[in-house]
Amino acid sequence: MIKIDSINKMTEVERLKYMNLLLKGQLSSETDVLANISNSTAIIKLCINNINWSGFYFLRGSELVLGPFQGLPACNRIKIGKGVCGTSVERKEPIIVDNVNEFEGHIACDENSRSEIVIPIIQNDEVFGVLDIDSPYFNRFDEIHLKYLTEFVSIMNKYIKWNEFIN
Ligand code: SME
């Protein structure tokens, strides 16, 4: 059972480590990919405070299509090269945006979003989608989040064969 009280007392790094521990617990105890991806968005929402959206977009043809998420209803499709998510796919690199107003082409799904982090999902050199997290605060994400969220996606990569899920 998850103890929310104890999470509230954790430091940021403790929360991020706990997030990845919870993810390993989820992925090692369930084989259904959709259940695993869905709960992974809830694990992020639980462990990272001051965020308003956490979820996935998956590459289908030349577009990213919305996957499981926590937060307000979001745009369904994003073209490669568009927005923060599409740019991350094009570059095959994670992106931290301190101020979404300063990112040209940022796609605002929730008008409260102020900063954002996007981690591409890359397996065997192929991009399958992105993990996207938004915050209603400027400068919410830094190198520490990048480190643990990159690890988060690596853990998912160990358990999920994305080509079987996407195609
Ligand atoms: N802001 C993203 C769009 C997705 S929402 O944040 C959920 C972007 O610019 O790609």
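Colleague: In what order do the elements of the protein chain run from the N terminus on?

Modeller: Helices (H or I, at least four residues) and strands (E, at least two) are DSSP runs, numbered from the N terminus. In the protein chain the order is α-α-α-β-β-β-α-β-β-β-α-α, which comes to six helices and six strands. This is a predicted model, in which local features need pLDDT of at least 70 and side-chain atom pairs count only at pLDDT 80 or more, while totals for chains, interfaces and linings use all residues. Residues are numbered from 1 along each chain as its sequence is written, and side-chain values use heavy atoms, with hydrogens and water left out.

Colleague: What radius of gyration does the protein chain have, and what would a compact globule have?

Modeller: The radius of gyration is taken over C-alpha atoms, and the globule rule is 2.2 Å times the number of residues to the power 0.38. For 167 residues a compact globule would have a radius near 15 Å, and the protein chain agrees, with 15 Å. Its C-alpha atoms fill a box of roughly 40 × 35 × 25 Å along the principal axes.

Colleague: Why is helix α4 described as largely enclosed?

Modeller: A residue is buried under 20% relative accessible area, exposed over 50% and partly exposed in between (1.4 Å probe, protein chains only). Helix α4 spans residues 83–91, and because seven of its nine residues are buried, the rest of the structure largely encloses it. Among these buried residues are Gly 83, Cys 85 and Val 89. Their cover includes β1 (53–60), β2 (63–71) and β5 (115–123). After α4 comes Lys 92, with a positive phi near 55 degrees.

Colleague: Which residues is Leu 66 in contact with, leaving aside its neighbours within four places in sequence?

Modeller: Contact means heavy atoms within 4.5 Å. Leu 66, in strand β2, touches Trp 53, Phe 56, Tyr 57, Ala 74, Cys 75 and Asn 76 under that condition. Leu 66 is partly exposed, at 22% relative accessible area.

Colleague: How many disulfides does the structure hold?

Modeller: A disulfide is a covalent bond between the sulfur atoms of two cysteines. Here the test is a pair of cysteine sulfur atoms within 2.5 Å, and the structure holds zero disulfides.

Colleague: Is Cys 47 buried or exposed?

Modeller: Cys 47 is buried, with a relative accessible area of 1%, whereas Cys 109 counts as partly exposed at 31%.
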